[in-house]
Structures are given as C-alpha cells and as structure tokens.
Amino acid sequence: MDFSITSKSPETITSYLIVGVFADRKPTHAAKLIDKVSKGTLQRNLKSLNFSGESGKSVEITNLPGVKAKAVLVIGLGSNNCKIDFIRSIQNMFKRMRESKESSINLYLPELKAPGVNRAWMWRQISSIGTNADYQYQLRKNVLDGKSLSGATRRVSAQIEGKVTDLDRAHFKQGHAIGKGMNLAKDLGNLPANICTPTFLADITKKLGKLNKFPVKCLGEAEMKKLGMGALLSVSQGSDQPAQLIHATYSGGKKNEKPIVLVGKGITFDTGGISLKSSGEMDEMKYDMGGAASVIGTLLAISEMKLPINVVVLVAAAENMPSGAATRPGDVVETMSGKTIEILNTDAEGRLVLCDALTYAEKLKPAAAIDVATLTGACIVSLGKVASGLFSNNDELAEQISHAGTVSWDRVWRMPIWKDYKNQLDSNFADLANIGGRAAGSITAACFLAEFATAYPWAHLDIAGTAWVSGKNKGSTGRPVPLLCEFLLHRS
Ligand code: BES
Ligand code: MN
Ligand code: ZN
C-alpha cells in the first residue's frame, strides 16, 4: 500500500472517491460538498437505496452529475461519537476495496467526535487497518520483503480539509508501521512449523536487526545450559530443533534510560510432548509462537517509527516434541533462578520457557517487562477471542496496558494473581509444580510466572484466544501488535 495525504476538494477528484455518511444519513463535510455539486442527487440516491449510514455498510454510486470522480463509494460511519463504528467502517471499506481491486482511492477523513479520538488516532487507524487488510499469505521465507509487508500495490490518498501538516504525515506513517508489524506477525504465525523453527525465528530477527540497525544476539543451547536455564531446555530436549534465546536491543531512547523488555513465547510447535495433545486441530499449535511473532512484529514497527525509547525483545524459542529424549511427567528441573520445578505435565511448557527468560531479563534492569504468550486454553474459556488476559504485579503498569488496549481497540481484561491461588502450584518434590489443576488455569499459569518476575514491574498477556482465528478463516491476527505499539508510543 502506498499512502499519501493531500487536501484536494472532493469534487475535483477524478479517480475513485470515498466519502462517509453518519447514521440517519447525516453527511460528513465531504459528502455535503458532493451532494451540493450534484444538486442533491447524492442524498436522493442514498434515500432511494435505503442507505441510512449504518457502520459497516457502503454503496457505490456512479454518474453523479457535476462530479468528476469515476465512482463514489459512500461508507456508513454510524454514530459520530463512537470509535468502534469508525473502525468497523474503515475495516469494511478496505475489505471492499480489496475485492474491487481498485488501484487508486481517495478517502476523505470524517469529523469524528468520539471521546479520546483525535486526528492522530484516525490517521493511525486508517493506515494500520489498510495495511493489515491487504495482507496476503504466501508460502514465503523472505517475510521481511518490504512489498509483502506493505500489502498490495494500491495508492491510497487520504484527504483532509485545510492544511496537511507534518504531524498528519507522521501519524499516518506510524499506522503504516504498525500495520507492517502486524503483517510480519501474521506471516510468522501462519508459516508452518517445518519452516518456522526456533532457528528460523532467530534468523529473521537477526535480518530485521541488520535492516533496521539494531543488534541481535542469539543464545544457543550450550550457552543457555551455562546460564542454568534447565526449565527452558527441558522443553526442547525432545526435539531435533535446537532452542534459541533471541535477544534484540533497540536503543531509541536516552543512553541510561531503563528499557521496556518484551518477552515472547516462541513454541514453534506444541505437540504437548509426552503429555501428548489429542489430534483434533493440533495443526493450530503452529501458532504457539504467536507471542514471539507479536514482539518481533512490534520490534519492526517501533524501529520503523524510530520511537525514542529503549526496548529489549527476548524470545524463548523451542519446539515441544515427544521422543526418547523428551522430558517425562514427574521430572524435576532446576531453573536459572535456582528454583526447582516438578514437571507434572509436559504440555504446560510455555511457562517453562518463559520462567528462564524472565530471570534472564533481570540482568537488563527493566523499567517494566511484559511477556506475551499463547499460554492457556483456560484463557479462551474465560475471555474467548475478544480480549487478551492481562495479569500484573503492578497496578500502574496494568492500567497503562489496559488503556493502550482500549485506545488501539486491541483489548485486554485484567485478571487476579492473588496469593490465594498460589498453593495450587505446591509440589512434594520441588519448589513449584508446573500445573495447578483444572480450576483457574490461566491464573495459576500467571502465578507461576510471577514467581520469576519479582525484580521489576511485570505484566503477562495471555493471547491464546486472540492470536489467531480458527475455522474457515483460519489465520494469525497480528494481535497484540497494535496494543504493544500503542503502549510504547505512550511510554516514549
Ligand atoms: N499452547 C497451549 C495453550 C493453548 C491451547 C493455546 C489451546 C491455544 C489453544 C499451552 O502450551 C498448553 O498446552 N496449555 C495447557 C496447560 C495445561 C496442561 C495446564 C492447556 O491450556 O491445556
Ligand atoms: Mn502446551
Ligand atoms: Zn503451548
């Protein structure tokens, strides 16, 4: 997608024109102008088509008298003080544009009055939704190819009234970067596990570092063993694919400013190990690196935006397989923190790779650390596919993340990690068991992680329900890249 912002008057547009109409056929400024030059034909048409301006609906009108545009697409914007209506309208519009294969469109920005909405927000939404809508999966290994990240080659001119400022362009570009970050996350998630291995994730992150000029180092199994990461290595020991701890350092901020550390669960395939999963939909466990994909996608976005902030991205990448060398239920391992774990279920592997990464993060003295993981099926039971689960040991951080989720409409819902739950993790043979029974499964998983994230403000996002969709439209969603980018935009 090729974006630009200009401020031409709508009646002078000769190519494809898109204007909005609010509920009850209340026209935006641009629609009013078109109606005026067409001597009321636009409104008459809308009326006879019974088009009310409902969000998500649109109609194409051609041959409007006095209007030069080859066609006018009128999109319903719904209420003009509701940002969800706006998001839905823009998503629908880009979907329609994608189907029509229209190569050059002119979109007029409506005057929205929703709380918390400003021009910056609208620009970011339009360009991120547009970039995202043009995503096309292909079996390709060069996922960093700029063209594929940007989507189809379509020219989108966003039009506003009055002067276009540098700030308008900057916000528009930010949305484009966020959309590209989502597209990268989607590509990594959608690639099959025979291609997207821990080593592949490491290579992609290194390439991204080369392109956008930040250092990336990857620790192999021998180095992790030296650090005492017995929990992480217990997951990969049954696989022929070696584990990787990816460590990328983006330094956009001041030299001695503490970094925000993002930690991604990167299980490139989760069979469950010896506690083998049932075969139904097991293919979807290729998405078990969705947390990793989202933090790598966010890294792409913030480095393209050149955000003035220090961010470290850690990815704990491993494949969870059964084999003669695999971990057995009942095995006890020692973590980098010194705590021991009784592995009662080898399918609760996400927390095992994350706990060592969270201890490793201590060295970086984080201002805050956020881990992102497709951690528990229980989280899908509680929050479905709408909100990601948020868990935190710090109210201020939790509030900032919730807020970023609402602003970007990539929402989270906070759940407790009260001490009362912790005894579900008691073990007779180690400091902790890696499972806590059926009750409150996503909470006990988060309580487990909290035992290792004691040295800094920490939050955990359980994205098991939000990272991908199943069924006919099966595919990665690119969430929570918008949330993480919004959070980092606020913090920078
Ligand atoms: N990756 C899964 C969680 C998951 C399951 C995500 C289904 C999305 C869809 C995780 O590694 C896992 O297997 N968790 C177990 C934990 C249990 C053994 C305590 C689960 O949720 O069943
Ligand atoms: Mn598992
Ligand atoms: Zn898993």
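How do the residues of the lining of the largest pocket divide into nonpolar, polar and charged? They divide into 15 nonpolar, 13 polar and 13 charged; Ala, Val, Leu, Ile, Met, Phe, Trp, Tyr, Cys and Pro count as nonpolar, Asp, Glu, Lys and Arg as charged, and the others, Gly among them, as polar.

The views show a predicted model, in which local features need pLDDT of at least 70, side-chain atom pairs count only at pLDDT 80 or more, and totals for chains, interfaces and linings use all residues. Residues are numbered from 1 along each chain as its sequence is written, chains are lettered from A and ligands numbered from 1 in the order in which they are written, and side-chain values use heavy atoms, with hydrogens and water left out.

**View 1. The largest pocket holds about 1,400 Å³ of space.** Its lining has 41 residues, and Gln 91, Asn 132, Met 182, Lys 186 and Thr 477 are the closest to its centre. Domain 1 (2-185) and domain 2 (191-491) both contribute to the lining, so the pocket lies between them; the domain bounds come from an automatic or database domain assignment. A pocket is an open set of points on a 1 Å grid over the protein atoms alone, where a 1.4 Å probe fits, with protein on both sides within 12 Å along at least five of seven lines; lining residues have an atom within 4 Å of a point. Grid points are joined across faces, edges and corners, and a volume is the space filled by probe spheres set on the points.

**View 2. The second largest pocket has a volume of about 880 Å³.** Of its 32 lining residues, Lys 277, Asp 347, Thr 376, Gly 377 and Ala 378 are the closest to the centre. By class, the lining has 9 nonpolar, 12 polar and 11 charged residues.

View 3. Donors are N, O and S atoms within 2.8 Å of the metal (3.2 Å for Na, K and Ca); water is not among the atoms, so sites may look incomplete.

**View 4. Asp 270 bridges the manganese ion (ligand 2) and the zinc ion (ligand 3).** The two ions lie 3.1 Å apart.
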